[in-house]
Amino acid sequence: VYHSHGSMEAGEKWILMEDLSEAVQSGYYFGPHSPLNWGKDLSALTATTPSTIEDVLRLSFRFAARFHARFWCASEMRDRQWVRGSDWWRGENRA
């Protein structure tokens, strides 16, 4: 996501995203036993990329780590009510 905007007054919202139409879903590499892949020709769907499951997992975990690193231990996250566990982080609702 490059940019997003929403206006309650105007009743509009928009999101500018990268075009990933040429990408391959990493879930395809989890094999035919995944319920999300039932009935799909996985060989055909993954034929356009030379990636192995190891490559896909490595890239996926690196992306997730970079994405979450921006917010890791960020003190402003404790004030966001929608963040699960933010109340505990503020010292509230602890057992």
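**Rings, charges and a surface patch**

Student: How many aromatic pairs does the count come to?
Tutor: This is a predicted model, in which local features need pLDDT of at least 70, side-chain atom pairs count only at pLDDT 80 or more, and totals for chains, interfaces and linings use all residues. Residues are numbered from 1 along each chain as its sequence is written, and side-chain values use heavy atoms, with hydrogens and water left out. Rings of Phe, Tyr and Trp (its six-membered ring) pair if their centres lie within 6.5 Å; planes under 30 degrees apart count as stacked, over 60 as edge-to-face and the rest as tilted. By this rule the number of aromatic pairs is 2.

Student: Is the aromatic pair of Phe63 and Phe67 stacked or edge-to-face?
Tutor: The ring centres of Phe63 and Phe67 are 6.2 Å apart. Their planes make an angle of 20 degrees, and the pair is stacked.

Student: In which helix do Phe63 and Phe67 both lie?
Tutor: Helices are DSSP runs of H or I with at least four residues, strands are runs of E with at least two, and both are numbered from the N terminus. Phe63 and Phe67 are 4 residues apart, about one turn of the helix. The helix that holds both, residues 53-69, is H2.

Student: Why is the pair of Phe67 and Phe71 edge-to-face?
Tutor: The centres of the Phe67 and Phe71 rings are 6.0 Å apart. The pair is edge-to-face because the angle between the planes is 65 degrees.

Student: Which residues form one aromatic cluster?
Tutor: Buried means under 20% relative accessible area, exposed over 50%, and partly exposed in between (1.4 Å probe, protein chains only). Phe63 is exposed at 51%, while Phe67 is partly exposed at 37% and Phe71 is partly exposed at 36%. The one cluster is made of Phe63, Phe67 and Phe71.

Student: Over the face of which residue does Arg78 lie?
Tutor: A charge sits over a ring if NZ of Lys or CZ of Arg is within 6 Å of the ring centre and within 35 degrees of the ring normal. Arg78 is at 4.9 Å from the ring centre of Trp89.

Student: How many salt bridges does a search of the whole structure find?
Tutor: A salt bridge is a side-chain nitrogen of Lys or Arg within 4 Å of a carboxyl oxygen of Asp or Glu. Asp55 and Arg58 meet in one at 3.2 Å, N to O, and both lie in helix H2, 3 residues apart. Glu92 forms one with Arg90, where the closest N and O atoms are 3.3 Å apart. The search finds 2.

Student: Is Arg90 exposed or partly exposed?
Tutor: Glu92, its salt-bridge partner, is partly exposed at 36%. Arg90 has a relative accessibility of 25%, so Arg90 counts as partly exposed.

Student: Which residues does Met17 touch, not counting those up to four places away in sequence?
Tutor: Met17 lies in the loop between strand S2 (12-16) and helix H1 (42-46), and counts as exposed at 54%. Contact means heavy atoms within 4.5 Å. The residues touched are Val1 and Tyr2.
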